[in-house]
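Student: Could you walk me through how to read a few features of this model? I would like the general idea, then the case in hand.

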Amino acid sequence: MKMSIEKRRCRVNKTYLNHWLVRRDPPNHTRMRKVPHLQFSPKHIEQRFRSTVQDIIKYLIQQVEDKGRMDVVNDFAAPLPILVIAEWLGFPKNDREFLRRTSRSVLAIEEAAADRNEKTTKALLIFKEYINQFVEERLAHPGEDLLSLMAEGEKQGVLSRDEVVGNTLFLLIAGHQTTINLIANGTLALTRHPEQWELLKSNPSLIVTATEELLRYDSPVKRAPRIMAEDIEMRRKTLRKSERVLIIQAIKAITQTFPPFSLEAEKLEYEPHLGLRILKALRVSWNYEGVHGERDPGMGRP
Ligand code: HEM
């Protein structure tokens, strides 16, 4: 019997979205994570990327210098992280427009549009073909890039091909969408707070604390669906184990207690944020496996 289009779509979406590291719990999460882990140490990233990132920044600035103006999102925030992650994974630089456009279509599943599942499936099938050809090539001729590490994971029997394709796609999306948002939101925050911008310009060593503060103030990842790993009390309510929760980081819009944007060090110390560490801070789970079994991507919004 022929499978319905809807069923096929769901199967494709599940295959290439459910394997994402960020959607798995141990022991699968632990097994998959150890493959790319080697290239995620701060030392490795510093050594491999500092001068590359500086060169890309210089190149992007040169492109707009003569114009005397810049569209921060299109001329800088978008191309910078795509060029970096494309190089890290080992995809050709010239594919950057394709990578951005198709990644955005994968993320259509997060939107409210009626055709969101269809758009995502189409983009996933395109990526499947695209990534597969590189995996085959790296299996035959391994290099130093992240994709070669993923292909080696398959060769060693740690990852299946679907896991390699799914997680290569995850690394591509995680590695640029977030950073685009951080640069764009950060520029906006600094534009709206000129006194903080002046402070940063007069003391460039504040850039590390500024990055942390921008992650807190206007987080690049605004919401994250998770499942409670245990009961916890929060503001006189009990969130029960296995309940679905949506962690929303737009706190500044809904509470009076959200501290204003500030690069002064003493303010930064008291305000922990969830910009990078949702799981640890809230004792929630990725648990798409243990609690509810395999999840339908896009269908499981809490
Ligand atoms: C401003 C930049 C970034 C932000 C705000 C960000 C944010 C996040 C968040 C919120 C999570 C989920 C953590 C959790 O559930 O506890 C995550 C996971 C992850 N991110 Fe990022 N990220 C950024 C940049 C990157 C880059 C450049 C990469 C490179 C590929 C990357 C790769 C990952 C990976 C592999 C995971 C899954 C980790 C795991 O499950 O063990 N991220 N990120």
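Student: Where is Ser242 found?

Tutor: Look for DSSP runs, numbered from the N terminus: helices are H or I runs of at least four residues, strands are E runs of at least two. Ser242 sits in the loop between strand S3 (237–239) and strand S4 (244–248). Its C-alpha atom is separated by 5.6 Å from that of Ile227, 15 residues apart along the chain. Before we go on, note that residues are numbered from 1 along each chain as its sequence is written. This is a predicted model, so local features need pLDDT of at least 70 and side-chain atom pairs count only at pLDDT 80 or more, while totals for chains, interfaces and linings use all residues.

Student: Is Ser242 buried, exposed or partly exposed?

Tutor: Count other C-beta atoms, placed from the backbone, within 10 Å of the residue's own: 20 or more is buried, 12 or fewer is exposed, and in between is partly exposed. Ser242 has 14, so Ser242 is partly exposed. Across the chain, buried residues make up 25% of the 302 residues.

Student: Which face of a helix carries its buried residues?

Tutor: An α-helix has 3.6 residues a turn, so residues three or four places apart point the same way. Take H2 (28–37), where Met32, Val35 and Pro36 are buried. Seen down the axis of H2, they fall within an arc of 85° (taken from the directions from the helix axis to the C-beta atoms), so they line one face. The face turned away carries the exposed residues Thr30, Lys34 and His37.

Student: What do the buried residues of H2 pack against?

Tutor: Two residues are in contact if their C-beta atoms, placed from the backbone, lie within 7 Å. The buried residues of H2 pack against H8 and H9.

Student: How many residues of H9 are buried?

Tutor: H9 is mostly covered, with 11 of its 14 residues buried. As for length, the expected span is 1.5 Å times one less than the number of residues. H9 should therefore span 20 Å, and its end C-alpha atoms are 20 Å apart, which agrees.

Student: Which residues have the most contacts inside the largest nonpolar core?

Tutor: A nonpolar core is a set of buried Ala, Val, Leu, Ile, Met, Phe, Trp, Tyr and Cys residues joined through C-beta atoms within 7 Å. The largest has 36 residues, and those with the most contacts inside it are Ala86, Leu89, Leu146, Met150, Leu169 and Leu172. H9 gives the most to this core, with seven residues. Apart from this core lies another, of six residues, including Leu182 and Leu263.
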